[in-house]
Amino acid sequence: MVNIKHAKLKAWVDEVANICTPDAIVWVDGSEEEKKRLERRGVARGQLIPLDAGKYPGCFYSRSKANDVARTEHLTYICTKDKEAVGPTNNWMSPEEGYQKAREILKGSMVGHTLYVIPFSMGPIGSPFSKIGVELTDSIYVVLNMRIMTRIGQAVLDQLGTDGEFVKCLHSKADLDVNKRMILHFPEDNTIWSVGSAYGGNALLGKKCLALRIASWQARKEGWMAEHMLILGVEQNGKTEYVVAAFPSACGKTNLAMIVPPEGLKGKGLKIWTVGDDIAWLRVGPDGRLWACNPEAGFFGVAPGTNSKSNPNAIKTVQKNTIFTNVLLGDDLSVWWEDGEGAPPASGTNWEGRPWKPDFKDKNGRPLLGAHPNSRFTAPAGQCPSIAPNWEDPKGVPISAVIFGGRRERLAPLVFESLDWNHGVYLGSTVASERTAAAEGSVGEIRRDPMAMLPFCGYNMGEYFGHWIEMGAKIPKPPKIFHVNWFRKDANGKFLWPGYGENLRVLEWILARARGEGKADKTPIGYLPTKDAIDLTGLNLTAGAMDQLLAVKPEEWAGELDGVKTFFEKFGAQLPKELWSQFNALKDRLKSKVTA
């Protein structure tokens with residue numbers, strides 16, 4: 001039995017129960033016995049399938065409805081009194097309309113179901129970084145995933161006490177009707193309501209909903225930063241330095257978070273420490289540096305493409321106590337996914353629940369996918385072989401560098417450093433990737449995703465850029481800001497840089513620059529490494545590859561400015577004047593270089 005001392009929390013649970021009318025209410029205590037009980041119930045109801053206990057101890061398979069396999073950004077709203085508060089990159093709905101529409105769907109939605117009350121902490125319980133939420137849900141899947149992704153149970157209630165502040169998170173699968181699906185954020189009420197979806201990004205309300213959309217709103221108000229960033233430590237000679245990095249999807253973020261040093265650098269004794277793979281909360285520390293904390297307790301990673309080359313540590317992490325969603329289920333109770341590990345099973349059931357064999361084709365004659373492209377694994381972060389020993393330190397870790405990156409075949413060099421903090425904010429605000437063949441839209445089309453936060457910023461993004469600029473002025477010893485691009489290609493369309501573990505060579509230069517070392521040349525776009533500044537020991541690049549990787553073509557950068565201008569103009573008066581100053585300064589530097 002849990003001990004609840006918070007009268008307002010009890011009253012809110014009663015209020016929701018009156019709307020949703022569940023058959024029972026269960027307060028989640030976080031115990032092992034409770035976990036086993038919920039797993040048994042999930043198996044009995046066909047929501048979970050235990051995997052082979054010898055190969056995958058403590059692991060389960062889950063499959064969602066075919067119309068419920070990803071975040072539904074077009075059905076995700078920020079509900080504020082003033083429409084201008086959410087800006088041009090978010091969907092807006094008034095709080096009155098949001099509550100009314102959702103309440104109609106929620107009415108009686110839990111008849112025949114149990115309402116689970118999950119007290120959870122984003123960040124280590126009691127840390128000055130942390131925020132508490134309480135999620136009410138009718139999904140066993142959500143409870144078990146939240147148990148992996150956050151800290152839950154009685155210890156959180158004890159921290160909340162009699163009158164602590166918490167984010168009110170209400171989730172109901174309802175009837176999983178896509179026409180009645182809404183993910184609503186009420187930042188002025190510290191509230192999140194999600195109806196009609198059971199997919200992780202829409203239903204695990206501690207993740208993107210709280211840790212980014214609501215937290216970014218809180219962070220602006222309270223003077224800190226909530227960012228879509230990995231946190232990574234590099235240790236050498238007993239000293240560890242930390243970076244945070246933000247990349248749009250399909251740019252190797254999780255792979256970088258768990259990077260393994262390449263053979264060519266083994267002699268240097270470098271060690272990599274994973275602190276977080278997805279979200280960073282950052283505050284100015286008493287020493288004047290920026291400190292970061294990972295608010296999550298687990299990894300909610302994309303399975304396809306994860307293998308021993310791209311991410312060996314992720315493969316080791318998911319061997320036990322993991323929930324796999326929408327991957328292929330082998331008849332031998334194994335799991336498999338495209339571009340994954342080893343040969344597929346001889347036969348199985350694919351993510352849609354259809355019989356599957358390696359040679360099966362779909363109606364268009366293409367190979368029938370075993371796993372959905374957005375299929376997932378949910379695994380405890382503590383199982384990662386590279387997890388930092390201090391990853392749950394309530395003080396966080398000090399940050400030496402901020403890294404932004406995108407996927408550009410031609411424009412951006414392998415790595416460069418911003419001229420100063422505000423120039424770094426400009427680099428982050430103009431992050432872009434080119435669409436690949438796997439994405440909707442035209443191949444090569446530029447998609448802006450500033451700071452990789454476009455779908456996750458909980459307020460007007462113009463003001464968000466302004467918050468970055470204000471924070472720079474408040475940090476006595478700010479980290480340096482860099483931009484990377486692992487995806488530059490040669491004239492034949494081949495990648496010039498091998499990526500994966502070799503990216504540590506670039507991190508080495510970044511950290512050297514952060515220490516005031518590392519050789520660099522000043523260019524119109526920022527500081528680039530000299531040709532001999534990056535350690536290429538043991539790396540056999542093609543002749544002239546480094547020249548191409550570090551080339552800056554002012555005419556191409558000048559051509560990029562039209563797209564940046566169009567993007568900036570979307571924000572009108574909300575775009576900080578400092579970014580227009582950076583835009584014009586870059587334009588002038590490029591002009592002088594072009595005509596020189």
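# Cavities, a pocket, and the elements around them

About 150 Å³ of space lies in the largest cavity, where a cavity is a set of points, on a 1 Å grid over the protein atoms alone, at which a 1.4 Å probe fits but cannot get out, and a volume is the space filled by probe spheres set on the points, which are joined across faces, edges and corners. The model is predicted, with local features needing pLDDT of at least 70 and side-chain atom pairs counting only at pLDDT 80 or more, while totals for chains, interfaces and linings use all residues. Residues are numbered from 1 along each chain as its sequence is written, and side-chain values use heavy atoms, with hydrogens and water left out.

**The largest cavity and helix 14**

- Lining residues are those with an atom within 4 Å of a point; the largest cavity has 16 of them, and Leu411, Thr430, His483, Trp557 and Glu560 lie nearest its centre.
- Helix 10 (421–429) and helix 14 are the elements that give two or more residues to this lining, and helix 14 supplies the largest share, four residues; helices here are DSSP runs of H or I with at least four residues, strands are runs of E with at least two, and both are numbered from the N terminus.
- The lining of the largest cavity divides into 11 nonpolar, two polar and three charged residues, with Ala, Val, Leu, Ile, Met, Phe, Trp, Tyr, Cys and Pro counted as nonpolar, Asp, Glu, Lys and Arg as charged, and the others, Gly among them, as polar.
- Among the buried residues of helix 14 are Trp557 and Glu560, buried meaning under 20% relative accessible area with a 1.4 Å probe and protein chains only.
- The 16 residues of helix 14 (residues 554–569) should span 22 Å at 1.5 Å a residue, which agrees with the 23 Å between its end C-alpha atoms; the expected span is 1.5 Å times one less than the number of residues.
- Helix 14 also has a kink of about 25° centred on Asp562, the bend at a residue being the angle between axes fitted to the seven residues ending there and the seven starting there.

**The second largest cavity**

- The second largest cavity has a volume of about 50 Å³ and is lined by Arg45, Gln47, His113, Thr114, Tyr116, Asp138, Ser139, Ile140 and Lys173.
- By class, its lining has two nonpolar, four polar and three charged residues.

**The second largest pocket**

- The second largest pocket has a volume of about 370 Å³, a pocket being an open set of points with protein on both sides within 12 Å along at least five of seven lines.
- Of its 21 lining residues, Gln47, Ser62, Arg63, Ser64 and Tyr141 are the closest to the centre, and strand 3 (60–62) and helix 4 (140–149) each supply at least two residues of the lining.

- Strand 2 and strand 3 pair in the antiparallel sense over two bridges, and Ile49 stands opposite Tyr61 in strand 3.
- Seven of the seven residues of strand 7 (residues 131–137) are buried; strand 7 pairs with strand 6 (residues 114–122) in the antiparallel sense over seven bridges, and four bridges join strand 7 to strand 9 (residues 167–172), which run parallel.

Conventions
Two strands pair if DSSP finds at least two bridges between them. Buried means under 20% relative accessible area, exposed over 50%, partly exposed in between (1.4 Å probe, protein chains only).
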